[in-house]
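Please read the following account alongside the sequence and the coordinates. It goes from confidence to chains, then to domains, a sheet and a few single residues.

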Amino acid sequence: MAKTSQAILTLAGIDKTYDGAARPALDRISFTVAPGEFFSILGPSGSGKTTLLRMIAGFERPDIGRVLMDGADITDVPPFRRDVRTVFQSYALFPHMSVLENVAYPLRMAGARKAERLAKARDCLALVSMGDFTTRLPHQLSGGQRQRVALARAIVCRPRVLLLDEPLGALDLRLRQQMQHMLVSLQRELGIAFVYVTHDQGEALSMSDRVAVMSEGRIAQLGTPREIYFDPASEFVAQFVGRSNLLPIEAAPHEGSLTALLGGRALKGVMVPRSGPARMAIRFECVRLADAGTPAGHPADEACAIEGVVEDVLFLGNALEVNVRCGDHNIIAAVPTLGGEGYRPGRPVRVMFDPGQATVFHG
Amino acid sequence: MTFHTGDWAPSRRGVLKGMGAAAATLAAPGVLSRAYAQEPIVLLTWETYHDPAWCKEWGEANGVEVKPVVIGSVDELFSQPFSGAVQPDVMYIETGSLPRFKEAGLIVPFDTAKVPNIKNITPNLDWKKYTDVGGEVVAVPYNWGTQPLMYNADAMPAPDSWKALWDPKYRGKVNIFDDCTICFPMIALAVGAKDPFNLTDADFAACEEALRTLRPQIRTIARGFDDAVTIYAAGEALLGYCQNIAVVTSLQDKGKNFAYALPKEGTPTWIDCTGVSKKGDRDIVYKFINDNLSTKWQARFIEASTNNGVLDLSEAKAGGVSEATLKRTNIPDSQAGDFWEKLVILQKPEDFERRLQIWNDFKAGTL
Amino acid sequence: MADLASDMSLAPARPVRFHRISVLGWPVYAWFIALVLVPNLLLIGTSFLRTSNGFIVFDPSFASYLRLWKSASFQFLLVKTLATSFGAAALGCLIAYPMAYYAARVVQKNRSVLVLLVIIPLWISLLMRVFAWRMILGQNGILNSALVGSGLLDQPSEAFLYTGFSVLLTYTYISIPFCFIAIFTALEKIPHALIEASQDSGASAWQTFRHVVWPLSRPSVAIGFSLAFLMTVGDYVTPSMVGGIDGTMIGMVIASQFGIANNWPYGAAIAVCLMLSVGLILALVLWAGQTRGVLTGDEGARPPVASRRLTSGQRLRRAGGRMLFALPYLFLYAPLAIMVLMSFNDSTVQAFPLSGATLRWYAELAGNQPMLEAVRRSLMVGFLVVLVSGVAATGFAFALHYGRVRRARFFEFALAVPVAIPGVVLGIVMVLATQLAQIPSGVGRIVIGQASFVMPVMLMIILARLRRLDGALLEASMDSGANHWQSFVHVLFPSIRGAIIGGALLGFTLSADDVMVTLFLAGTSPTLPIWVWNQMRFGFTPSVNAIFTLVGVGSLLAILVCNRLIFHAKARGREG
């Protein structure tokens with residue numbers, strides 16, 4: 001996708017261990033961000049994603065490694081001389097300045113004249129639909145409004161790279177969805193590269209061009225949302241992105257070929273690279289249910305099928321999550337609410353999935 | 001603290017400017033104050049000795065600034081120059097402490113030749129004996145006074161002995177002051193020590209016992225001249241060891257019937273002498289000291305403070321001290337031949353540290 | 001997609017950490033060495049010398065400590081001093097706690113005025129207030145007159161003044177404002193949600209207090225206690241004025257060793273012992289006061305808005321609460337009232353009964369040149385001390401908070417050592433140090449001496465504020481393109497301005513009222529309290545009452561005006 005010559009931001013072999021910490025916060029991190037790209041860093045808390053963001057912003061320095069912007073080494077450049085802006089998780093609006101003053105602040109630091117910077121700040125506030133709140137003080141705003149002001153402050157100078165540190169974390173669902181749309185359209189409009197840190201896979205997958213999934217200071221997988229979702233590179237990614245069943249299997253020669261066995265039952269068509277114990281991941285929505293009695297007819301004759309009993313059902317609005325007990329294991333299937341009314345605890349069902357959609361990991 | 005975090009909108013700059021102006025005004029007099037060519041004469045002196053107005057007047061006439069620093073006890077008089085807190089030119093030291101000041105290098109030998117007004121000092125005052133340290137005169141008198149027994153004349157007849165302080169009748173109504181140098185000789189006199197400045201171990205034991213029995217008699221120790229006046233005036237004490245007879249006169253002025261008596265055992269008497277430091281060994285300082293001993297200066301001093309000064313009765317009268325004032329001083333009495341026999345002039349004690357330890361233990365109540 | 005970046009050559013490892021040692025740290029070290037380390041080493045060094053014939057012999061010896069070990073009076077006085085201060089600080093906390101609770105969590109309007117009202121008495125010289133207590137407690141004093149007049153006593157009691165009781169009372173009186181300030185700040189910070197969470201969990205009001213409010217405020221109670229303890233433990237002027245013969249405290253013995261006895265090693269040894277015992281007690285108190293966990297979030301108390309109608313019983317209780325709240329204020333202001341009264345009394349003697357009304361003391365003020373000079377000097381000293389301390393404390397707070405100082409924790413405590421040194425000792429210690437540095441006595445010395453204990457107080461206040469500040473603010477500012485200095489000017493300073501002003505107020509208060517330290521440093525240029533101290537011993541004039549009455553009225557007015565301005569500004573801010 002991005003070529004080195006085009007990369008706006010490059011991280012090369014970043015290592016960082018905090019004083020007194022047993023394990024590194026960042027471990028050999030390398031990636032590039034293309035101009036105008038929406039790049040997400042996804043990971044659970046403590047995975048080092050915020051450290052990484054602060055490294056790009058200039059608040060942390062790597063023990064080893066380089067940060068390059070436009071090919072120039074900015075590892076030792078202080079934050080205020082980097083063409084990078086951040087939207088902070090806590091928004092970090094200056095409590096003693098009005099909304100307008102907050103947004104005009106970066107321009108003021110850049111030495112812009114008063115009239116000019118106020119005009120620009122107003123425009124920018126209009127862009128995030130906060131034009132009516134210029135004289136308010138931050139404590140007089142709601143969470144969503146503060147969020148937009150923080151965003152306005154970060155983009156008012158049109159930086160080359162915008163860093164967003166879990167900016168939607170404190171907002172409610174509806175606001176979060178609104179803001180997601182706004183962020184995407186804003187990013188298109190401004191053409192700024194966004195580096196977006198989040199622990200919410202939904203946000204990462206829905207908005208990003210590419211996603212880096214982080215775990216324990218390393219990049220577990222880097223790819224497009226599709227690659228990440230459908231072709232997880234590791235058990236961790238499979239677990240963290242989307243919702244998957246993780247079933248212990250045994251790979252053994254069966255009827256002449258290497259076959260996956262779940263509780264002794266062969267799962268035909270599941271590709272296993274080598275023999276021995278392994279785990280198989282299959283997403284909830286890839287699992288289908290059928291009545292126990294019906295024969296495994298129609299096109300799904302290739303599909304793996306396991307008999308089980310419904311244990312419990314969660315109502316999610318547009319879907320149901322049906323937890324099925326199959327011998328020693330539980331398998332969860334996500335089925336559309338319409339047509340799923342019949343699944344009640346105690347009902348025997350058949351669990352089916354397409355072996356092509358299963359991924360096997362060796363421990 | 002969070003009570004100031006409110007938005008301070010209304011013309012903060014104005015307030016700041018105002019504060020700046022105020023600060024400038026404050027600093028200005030210090031910068032603008034008159035500068036004399038000569039180094040100022042710093043006095044470590046006692047209250048009433050050097051009225052700032054007199055000092056200013058003399059300073060303007062002689063082209064030098066005179067700065068009087070008032071101290072409250074011999075203790076301070078010693079510690080201030082010794083620690084370097086104040087570097088005085090002139091100190092007013094009672095006779096008993098002169099050797100200590102000399103040993104500590106705080107005063108230098110005094111050049112009496114530069115002070116012709118020594119002739120004005122009353123012949124009744126046998127000062128040369130006490131200002132001679134190691135064969136050299138180190139100071140000349142400026143003032144003298146007695147430390148008698150003072151009492152409320154409405155409450156009792158005139159006592160004739162220090163023993164009155166130990167009288168159970170006056171339990172809780174006795175006052176003394178916190179100065180070991182001056183109080184200890186009184187205790188020594190009260191217990192009948194032969195030489196109150198050279199106590200034997202037996203004398204010390206007697207003094208300790210006397211202090212032990214004196215403690216329940218005393219409710220409070222005066223911290224100074226004015227403090228004493230307040231304590232007596234408020235009725236917290238009826239009799240006591242008098243720090244300065246000005247306490248008595250000042251009480252009389254306020255309509256309280258207080259008087260003092262010279263007990264038969266002897267009354268500790270001090271002579272405050274002018275000593276000069278190494279820094280003060282200058283002609284202008286000697287001129288100041290000489291003028292301090294002029295009849296005019298002394299008369300004004302006696303008149304204003306009812307102290308004894310150093311003048312003879314006739315000189316004082318000639319200088320213009322009023323009869324009323326003279327009556328309140330010891331000057332007329334001191335003409336009598338036997339007057340001086342009742343007085344005991346302070347001298348250097350045998351072991352000051354031992355006395356102080358006892359005094360501190362007495363105050364702490366652990367004697 | 002393979003990241004091309006990973007193919008790039010890796011930069012060599014950087015062994016030196018980012019800005020671990022910075023120039024910003026040097027002033028902290030310099031201050032520590034000049035105002036803490038050297039003076040105290042001088043003191044400790046002196047304590048191991050001995051005297052001979054009244055002069056110090058430079059010959060290491062334990063003689064002074066041996067003498068202390070054997071001295072019953074030293075041990076008795078030490079215990080007595082510590083016990084009295086301890087008791088007073090404890091009483092002070094007991095009285096201040098309900099007051100602070102009421103002010104921080106019950107009162108909704110004009111809270112800052114209530115706080116300032118507790119602080120104002122501190123601006124009136126301690127000597128004046130103690131002096132006034134004598135008039136209240138004395139034989140012909142108000143208390144006795146009232147008791148005799150009402151028939152409770154047949155004749156005036158001698159139990160009130162010149163006893164242990166009067167010392168404890170005045171010490172408690174001194175302690176209350178310090179305890180109050182510390183406790184108030186803690187209580188104000190407790191989020192109301194925690195209290196609601198506790199009530200929600202089924203806790204009664206008492207249980208909520210016992211298990212939530214008290215543990216969260218306990219560390220501050222310990223700090224308030226320590227401050228109050230320190231204020232009184234080195235003070236020998238107060239007990240000597242109201243305590244009578246039994247008012248002798250260890251400070252007086254120390255002072256006499258450095259003065260008349262001229263036994264500096266012995267005095268230094270006592271001072272070292274006092275410092276060690278005080279340190280031990282404070283360590284114990286702070287240890288006992290600690291609470292696990294850190295209160296996060298900057299939200300203050302949001303007391304419920306009580307707009308609902310109250311039952312008559314509740315109203316009664318509320319009125320009762322207000323009365324109880326007002327009582328300590330009465331206690332705080334009683335001596336000031338006496339002072340005001342005396343400033344109009346037509347007599348030079350400060351005792352009852354009054355002789356008649358006059359304004360002549362005010363008229364005399366204008367002509368009292370030395371007093372006006374002392375007032376001017378006090379203001380200048382206070383201003384300079386606050387300026388020096390404020391600049392240093394702000395700089396140090398940043399250096400410490402942002403990791404520009406090695407062993408920041410150590411230095412934070414080390415810089416505060418002068419606060420924990422009893423005044424009389426600090427005064428002597430600072431004389432030794434300034435003497436060594438050849439600084440002449442006068443304003444310069446006073447400023448240095450006072451800054452040594454004012455700076456740490458301001459530092460503590462500013463540091464506390466910085467720690468509560470959202471760390472992201474600085475980053476947001478730097479991220480916006482502001483360098484360190486711009487970030488300081490536009491973001492950090494405005495955020496901590498309240499703390500700096502509060503600290504400056506407290507610093508000015510400490511400076512304006514200091515007697516013990518200044519006494520040794522003033523030389524020929526007395527500040528107002530020193531001048532008053534001298535006046536009290538000889539030549540007291542009621543003009544002193546007049547000037548402090550003016551100071552008190554002036555500060556009251558200033559506070560009311562400020563409050564109005566702030567209130568208006570807030571109202572305007574809300575409209576906008």
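The term pLDDT stands for the predictor's confidence in each residue, on a scale from 0 to 100, and two residues are said to be in contact if their C-beta atoms, placed from the backbone, lie within 7 Å. This is a predicted model, in which local features need a pLDDT of at least 70 and side-chain atom pairs count only at pLDDT 80 or more, whereas totals for chains, interfaces and linings use all residues. Residues are numbered from 1 along each chain as its sequence is written, while chains are lettered from A and ligands numbered from 1 in the order in which they are written.

For the complex, the predictor gives an ipTM of 0.75 and a pTM of 0.74. Chain C has an average pLDDT of 79, with 87% of its residues scoring at least 70. Helices and strands are taken here as DSSP runs, numbered from the N terminus (helices are H or I runs of at least four residues, strands are E runs of at least two). On that basis, the confidence in chain C is highest in helix α3 (residues 72-106), at a mean of 90, and lowest in helix α23 (residues 543-575), at 69. Over residues 1-20 of chain C the pLDDT stays under 50, and the model has 30 contacts beyond four places in sequence for this stretch. Residues 571-576 of chain C also have a pLDDT below 50, and that stretch has 4 contacts in the model beyond near neighbours in sequence. Chain B averages a pLDDT of 85, and 90% of its residues score at least 70; residues 1-10 of chain B, however, stay under 50, with 30 contacts beyond four places in sequence.

Turning to how the chains meet, 2 pairs of chains touch, and the most contacts among them are between chains B and C. Chain A and chain B are joined by no contact, and their closest C-alpha atoms lie 8 Å apart.

Within the chains, domain bounds come from an automatic or database domain assignment. For chain B, the assignment gives domain 1 as 41-145 + 269-335 and domain 2 as 149-261 + 348-364. The C-alpha centres of these two domains of chain B lie 26 Å apart, and 11 residues of domain 1 of chain B are in contact with 10 residues of domain 2 of chain B. The side of domain 1 of chain B that touches domain 2 of chain B divides into 2 nonpolar, 7 polar and 2 charged residues, where Ala, Val, Leu, Ile, Met, Phe, Trp, Tyr, Cys and Pro count as nonpolar, Asp, Glu, Lys and Arg as charged, and the others, Gly among them, as polar.

Chain A is assigned domain 1 (9-239) and domain 2 (243-362), and the C-alpha centres of these domains of chain A lie 39 Å apart. Their contact takes 5 residues from domain 1 of chain A and 6 residues from domain 2 of chain A; by class, the side of domain 1 of chain A that touches domain 2 of chain A has 2 nonpolar, 2 polar and 1 charged residues.

Chain A also holds an open sheet of 5 strands, in the order β13-β12-β11-β14-β20, with antiparallel pairing; two strands pair if DSSP finds at least two bridges between them. At the edges stand β13 (265-267) and β20 (359-362) of chain A, each with a single partner strand, so one side of each is left without a neighbour in the sheet. Strands β11 (residues 244-254) and β12 (residues 257-262) of chain A run antiparallel and are joined by 5 bridges, and H254(A) has S257(A), in β12(A), as its bridge partner.

Some single residues complete the picture. D70(A) lies in the loop between β4 (64-69) and β5 (72-73) of chain A, and its phi is near 55 degrees, a positive value in a residue other than glycine. A residue is buried if 20 or more other C-beta atoms lie within 10 Å of its own, exposed if 12 or fewer, and partly exposed in between, with C-beta atoms placed from the backbone. D70(A) is therefore partly exposed, with 14 other C-beta atoms within 10 Å, whereas Y91(A) counts as buried, because 25 C-beta neighbours lie inside 10 Å.
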